[in-house]
Amino acid sequence: MINNRDKKFYDEEKMREKILLVTNEDILFNDSIYNNIALGKNIDMTAILDKAKEINGDLFMLLRRWIGFIINENGKKPFYRTT
């Protein structure tokens, strides 16, 4: 039941798009900074960089340089992937 309605009345795919996990702990996946931002969605890297530039120029400069870095062990050992 969701909002007192049987869940079969809801589109499962649309419901999953609306779900957001919020934790008290930072979670980083063993992947690139880009993929940690995109979280599996097909987001153009230019769109991410444009949004970073809109939010904060310093953030844009950092992301532009480091977006290809791989995060390991929840961010403890980053390294740059050249391929």
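**Terms and values**

Reader: Why is Asn-36 called buried?

Author: Asn-36 has a relative accessibility of 13%, and buried means under 20% relative accessible area, exposed over 50% and partly exposed in between, with a 1.4 Å probe and protein chains only; Asn-36 therefore counts as buried. The model is a predicted one, in which local features need pLDDT of at least 70 and side-chain atom pairs count only at pLDDT 80 or more, while totals for chains, interfaces and linings use all residues. Residues are numbered from 1 along each chain as its sequence is written, and side-chain values use heavy atoms, with hydrogens and water left out.

Reader: Where is Asn-36 found, and with which residues is Asn-36 in contact, leaving aside its neighbours within four places in sequence?

Author: Asn-36 is found in helix H2, residues 33-38; helices (H or I, at least four residues) and strands (E, at least two) are DSSP runs, numbered from the N terminus. With those neighbours left aside, Asn-36 is in contact with Ile-27, Leu-28, Phe-29, Asp-31 and Ile-71, where contact means heavy atoms within 4.5 Å.

Reader: What makes Ile-27 partly exposed?

Author: The relative accessibility of Ile-27 is 44%, so Ile-27 counts as partly exposed. Ile-27 lies in the loop between helix H1 (12-18) and strand E1 (31-32).

Reader: Which residues make the nonpolar surface patch?

Author: Leu-21, Ile-27, Phe-29 and Leu-39 make a patch of about 450 Å². Patches are made of residues with over 30% relative accessible area and no salt bridge, like charges being joined within 9 Å and nonpolar side chains (Val, Leu, Ile, Met, Phe, Trp, Tyr) within 5 Å. One of the patch residues, Leu-39, is found in the loop between H2 and H3 and counts as exposed because its relative accessibility is 56%. Leu-39 also has a positive phi of about 50° although it is not a glycine.

Reader: Why is the pair of Trp-66 and Phe-69 called edge-to-face?

Author: A search of the whole structure finds one aromatic pair. The ring centres of Trp-66 and Phe-69 are 4.3 Å apart and their planes are at 70°, so the pair is edge-to-face. The rule is that rings of Phe, Tyr and Trp (its six-membered ring) pair if their centres lie within 6.5 Å, with planes under 30 degrees apart counted as stacked, over 60 as edge-to-face and the rest as tilted. Phe-69 is buried at a relative accessible area of 16%, whereas Trp-66 is partly exposed at 30%.

Reader: How do you know that Glu-12 forms a salt bridge with Arg-16?

Author: The closest N and O atoms of Glu-12 and Arg-16 are 2.5 Å apart, and a salt bridge is a side-chain nitrogen of Lys or Arg within 4 Å of a carboxyl oxygen of Asp or Glu; Glu-12 and Arg-16 therefore form a salt bridge. Both residues lie in helix H1, four residues apart, about one turn of the helix. Glu-12 is exposed at 52% relative accessibility, and Arg-16 is exposed at 54%.

Reader: How many salt bridges does the count come to by this rule?

Author: The count comes to two. Lys-51 and Glu-54 also meet in a salt bridge, at 3.4 Å from N to O. Lys-51 and Glu-54 are three residues apart in helix H3 (residues 45-55), and so are separated by about one helical turn.

Notes: Areas by Shrake-Rupley, 256 points an atom, 1.4 Å probe, with all protein chains shown as cover.
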